Amino acid sequence: MTNILVVDDEKNYCTVLSELLGDEGFQVSTAANPYAALEVMSRENIDLVLSDLKMPGMSGLEFLKQVQSEIGEIPFILFTAYATVETALDAMKSGAVDYLVKPCKNEEILLAVRKAVAFRRLQTQNAALRRELDAERSGGIIGNSPAMRKLLDDVERAASVRSSVLILGETGTGKELVARALHHAGPRAREALVTVNCAAFAENLLESELFGHERGAFTGATQRKKGLLEVADGGTLFLDEIGDFPLSLQPKLLRALQEQRFRRVGGTVEIESDVRIVAATHRDLQQMTESGTFREDLFYRLNVVVLEIPPLRRRREDIALLALHFLRSSAREMDRPVRDLAPETLQRLREYSWPGNVRELQNVMERSVLFSRSEVLTPADLPAPLGETAQSAPLTDTSLINLDAPLPELMDRMEKELIHRALRQTGGVQAQAAELLGISRSNLQYKLKKHHLI
């Protein structure tokens, strides 16, 4: 739903506009002056501002410029009872999308608002397309959140060196995309990027796949086969799910990494291979070394440069961009009419926990596009459980209480869960979550750090 802010020192005018726009289906907030309006904008996501031009303390033009400086490009419609050519020109030069003279007819106001809302939608779509283009240049990694911007900076720095890279992240976060970005951004981009999923092969098959084999090395080896270490010579070898690499083969892999040479299965000749290793896992390799299921020396050989991909629930700012990207990509492939997300649909997506991360979001968008019949994806098009989460559980839900621990631990558990719920209900917007919880934003940030939620 489009959220409009009306700013006017005449209370009656705020009331009239609020009722007019509310009847048209818009969400309306009001403020008696620009200072109160800035406070509202710090708590709410405003799509359009309707502001009087002449107000005590700060004019509408000064207010517009401050919003542009502190918050960003938000469409403004300015009103005045004292129209001149100069003020109209000043308003348009400052970035206002329209300029109306009081008293205004309802039809005139609604027409200006609809045009401004369409302009805002176009702004948002263009920004999304620009970010998608940037993502394509970054190996297909999509995201504009602080966590993803840092990751892309780290990828760029790590791409130029030969050191091994270990990519950590939950299943579905896009570890292979990061590996591709590393390869294509570095000096080995002209050579091969070879990928092997270590969890997809039995032990004997994985050894043959990586190191190759000589003819007659085992039953069925009717001819010599090059291993992927040899195929990737000069390029990059991506070892996906390295945590599933067999313990018995780890010494052979370690030697190949250290000496850049190896022997095929059944072979006697040393084969040299200049390969950059990029490995990825969702497992805790440090814990595996302590339990003896992963070699410590191999862990340290791989753990030179570490890139950690945040789960989708920790970068909810990227959900809209990702969802639109997958929606439009699926619509093109399936030749479906869907082009956009309804605000209620986007809210559902932002509230969901995404245990399957980006991959799950992609699958949801593909399925929803397939069965949608309109140009705008509605909540009814979403599969379960997204289609069943219209109402979040209230913050006072007593199911949180389970008397199985001392009171301090229960209180910490309760506080953490309430913060989780508040963030889900507000789409991850900390200012709104703090207001919902009745605490300051700085206090919320302290608690987020305390509970390791950021």
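The buried residues of helix 7 are covered by several parts of the chain, among them helix 6 (146-159), strand 6 (165-168) and strand 7 (193-197). Strand 10 (236-240), strand 13 (276-281) and strand 14 (305-308) also belong to this cover. The model is predicted.

**Helix 7**
- Helix 7 spans residues 175-185.
- Its buried residues include Lys175, Val178 and Ala179.
- Ala181, Leu182 and His183 are buried in helix 7 as well.
- An α-helix has 3.6 residues a turn, so residues three or four places apart point the same way.

- Strand 1 covers residues 3-7, and five of its five residues are buried.
- In a regular strand the side chains alternate between the two faces of the sheet.
- In strand 1, Asn3, Leu5 and Val7 point one way, while Ile4 and Val6 point the other way.
- Residues pointing either way from strand 1 are buried.
- Strand 1 pairs with strand 2 (residues 27-31) in the parallel sense, over five bridges.
- Within strand 2, glutamine 27 is the residue opposite asparagine 3.

**Valine 113 in helix 5**
- Valine 113 sits in helix 5.
- Its relative accessible area is 0%, and since buried means under 20%, valine 113 is buried.
- Valine 113 and isoleucine 77 are 36 residues apart in sequence, and their C-alpha atoms are 7.8 Å apart in space.

**A cis peptide bond**
- The peptide bond joining lysine 102 and proline 103 is cis, with omega at about -10°.
- Proline 103 lies in the loop between strand 5 (98-101) and helix 5 (106-137).

- Glutamate 241 is not a glycine, yet its phi is positive, at about 55°.
- The loop between strand 10 and helix 10 (250-259) holds glutamate 241.
- Glutamate 241 counts as buried because its relative accessibility is 12%, and the cut-off for buried is under 20%.
- Asparagine 357, also a residue other than glycine, has a positive phi near 60°.
- Asparagine 357 is in helix 15, which runs over residues 357-371.
- With a relative accessibility of 0%, asparagine 357 counts as buried.

**The chain overall**
- The protein chain has 18 helices and 16 strands.
- The chain is more spread out than a compact globule, because its radius of gyration is 28 Å, well over the 22 Å that the globule rule gives for 454 residues.
- Along the principal axes, the C-alpha atoms fill a box of roughly 95 × 55 × 40 Å.
- Of the 454 residues in the protein chain, 45% are buried.
- Among contacts with a separation of 6 or more, 69% are between residues 24 or more positions apart.
- The chain exposes about 23500 Å², and 49% of this area comes from carbon and sulfur atoms.

Notes:
Residues numbered from 1 in each chain as written. Predicted model: local features only at pLDDT ≥ 70, side-chain atom pairs only at ≥ 80, totals over all residues. Heavy atoms only, no water. Helix = DSSP H or I, 4+ residues; strand = E, 2+ residues; numbered from the N terminus. Rg over C-alpha atoms; globule rule 2.2 N^0.38 Å. Buried < 20%, exposed > 50% of the residue type's maximum accessible area, 1.4 Å probe, protein only. Contact = heavy atoms within 4.5 Å. Areas by Shrake-Rupley, 256 points an atom, 1.4 Å probe, with all protein chains shown as cover. Pairing = 2+ DSSP bridges.
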